[in-house]
Amino acid sequence: MLLKNLFAIGKKEDLVIAKISNQIKLICTACESFRDAIKNRDLRLMHRIIEMERDGDVLKREIFSTIYAGAFLPYLRPDLFRFVHIVDDVFDLLEDAAFNYLDLTLNEEIEFECARVAELNLRMCEMLSITFQAMLNGEELREKILAVRIYEKKIDDIKFEIIKKVRTVEVESFWEGTVLSDFISSLTSMSDMIEDASDHLQIISASLR
Amino acid sequence: MDLFLSLLGSVFIAFVIGSNDTANALGICIGCNIITFKRAVRYFGLLVFLGMLLQGAKVMKTVGHDLLSVNVSIVGAALVISGLLIALANWKRLPLSSHQVIIGSITGAGTASGIPINTSSVLKISLSWVLSPLGALLFAFLFYRLMELTLSRLPVLRVERILRGLLVVSGFLIAYNTGANELATVLGGPVYAGLFTPLQASIGGALLVFLGATLLSPRVIETVSKGITLLDPFSGFAAQFGAGTCVLLFTTLGMPVSTTYCVIGAITGVGLLKGMETVRFHLLKKILLGWLLAPLVSFALGFLIIRAIQYLS
Amino acid sequence: MKVEEFMTPKVESIDADRSVYDAIERMVNKRLRSLLVTPWNKNRDDFGVITARDIVFRVLSKGLDPAKVKISQIASKPLLCVDKDADLVDVATLMEKHNIARVFVCDEKRILGLVSLLDVMSATIIERASKGYAS
């Protein structure tokens, strides 16, 4: 009977892990859709991303409530909460970018750079997923976190270029300018958060040593 | 009258063990949702019963027979004094070893009654009181090192899962010790004074412990688990398991020792691993003072009460 | 990993007719260490490259005035190219063999991008990190 207790309790933890994996998979899918949407100027796909963000929110709440119900020892919980929160924040930024895009027409040059950033964001999310799996397997995370950082630096360089180019764009109204600025800001800030998330995996991994 | 007092004392102390010691054993597990309160209390009662039944005999013999030949008056006086001191300590929130006060008061009462005290027994018991916290320190130290060598290599989440299992194991060990050592110390006197058979003591004692646990332990557990952030689960387990193993060892030797002081020793041991600065020496000094005073005060009280009774009658 | 995945797709170019000074100006502004040199005669399709090394070693260290030297005088030709499907190791080997810090990615006389030493290092880390995991 006691063994069954222990097994049953293992189930909550497994559930949390599965849901976090799903959350990361979802953000990867969303980033992929975003990249495709920009490349193909597909507004319908952009709308899909906004729906995906809501799914992400639901996942986040489910994860939180399962942890609150008693999954994991207390020392591990704050770090897990923080990680899930950060991934959700990335999703929020992606949604903001998608939303703003619907209201924009980008010139070709800036669109090209934005598509590059979108591609790199996708790569970062995929690397985050790999890092999470590696943590579950007890592997060394150093290399994977370095890979995430490499992507982040690349995006930083492109961000610099975009900001320089965008200054030369003529806007017809304050709001047009704001929407463009918000779009670029959201798009380029995601990478910092994904980097933060991967750092948190390192923290969780090291929390016992 | 003596009979009544003996019974009253036994019942009271067994009840208090239930209300206080459940938290010691299973507070962490309950606080971390590893096990529900209801299940914990049931297992606690069962393990106390098993401990008392399977290994309580040696400690009971030491307390009720080897130390001195008890009779009902001695037992009555000793248990009442112990009960009062334990209640006082609870009220003032001081750590107190029930073993020390029981043995101290029995010895004092016995001396006043003119019954010869087995000095080698007294020496052995005192030595156990000194050695057991140190032994726990050593065990905790070793367990911590062992865990560092084996568990650190595994993935974090697997270690976390293993730790949850280990916490249950160490909690159960402490519960078992509560029966085999603590309850045995309390009921050794009454059993050897002829009040109950060992089996009756086991069943009755465990039942009272269970009652105490069901009725009064929730608040204690709440206090204990509020403070649980398990900042360092490695240390927590190593300390609890180290203390539990040490107490089991001394139980097998028939020596009544305090789990509380062993846990203090164990926590100090793990603290030393992390550096001398983490050990709160001024706190240890206070604990040490209590550890020295308890047997002396209870001896004095036991002595005085019997003399008072003799004077009055 | 294919070189196409870790190259820089946008390549800055400068006309061979311009002065080295213009090249310096462009490089400093855009934080670049090399520029693609486009032929002054657009019918010819042999491009060249001018690097910071070329400028420092062949012009500045000799005390020459960069404003008076034409890019065509110090640019390296022809370009060293790799195919877009080339492997990391192939690129690294090529760089080592010719002692160069960058290689262009070409496809039937169209320049697709640029790969630097840093790009090769970064790509190696990413390839190692992804090993064993489906992407």
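This is a predicted model: local features need pLDDT of at least 70, side-chain atom pairs count only at pLDDT 80 or more; totals for chains, interfaces and linings use all residues.

Reader: Which chains share the most contacts?

Author: Two residues are in contact if their C-beta atoms, placed from the backbone, lie within 7 Å. Two pairs of chains are in contact, and chains A and B share the most contacts. Chain B and chain C are joined by no contact; their closest C-alpha atoms lie 17 Å apart.

Reader: How is the secondary structure of chain B described?

Author: Helices (H or I, at least four residues) and strands (E, at least two) are DSSP runs, numbered from the N terminus. Chain B has ten helices and zero strands.

Reader: Why does the radius of gyration of chain B agree with that of a compact globule?

Author: The radius is taken over C-alpha atoms, and the globule rule is 2.2 Å times the number of residues to the power 0.38. For 313 residues the rule gives a value near 20 Å, and chain B has 19 Å, which agrees. The C-alpha trace of chain B spans about 70 × 40 × 35 Å along its principal axes.

Reader: What share of chain B counts as buried?

Author: A residue is buried if 20 or more other C-beta atoms lie within 10 Å of its own, exposed if 12 or fewer, and partly exposed in between, with C-beta atoms placed from the backbone. In chain B, 56% of the 313 residues count as buried.

Reader: How many residues has the largest nonpolar core?

Author: A nonpolar core is a set of buried Ala, Val, Leu, Ile, Met, Phe, Trp, Tyr and Cys residues joined through C-beta atoms within 7 Å. The largest has 181 residues, and A:Leu94, B:Cys29 and B:Phe44 are among those with the most contacts inside it. Helix α6 (residues 156-192) of chain B gives the largest share of this core, 17 residues.

Reader: Where is the kink in α6(A) centred?

Author: The bend at a residue is the angle between axes fitted to the seven residues ending there and the seven starting there. In α6(A) a kink of about 25° is centred on A:Ser189.

Terms used: Residues are numbered from 1 along each chain as its sequence is written. Chains are lettered from A and ligands numbered from 1 in the order in which they are written.
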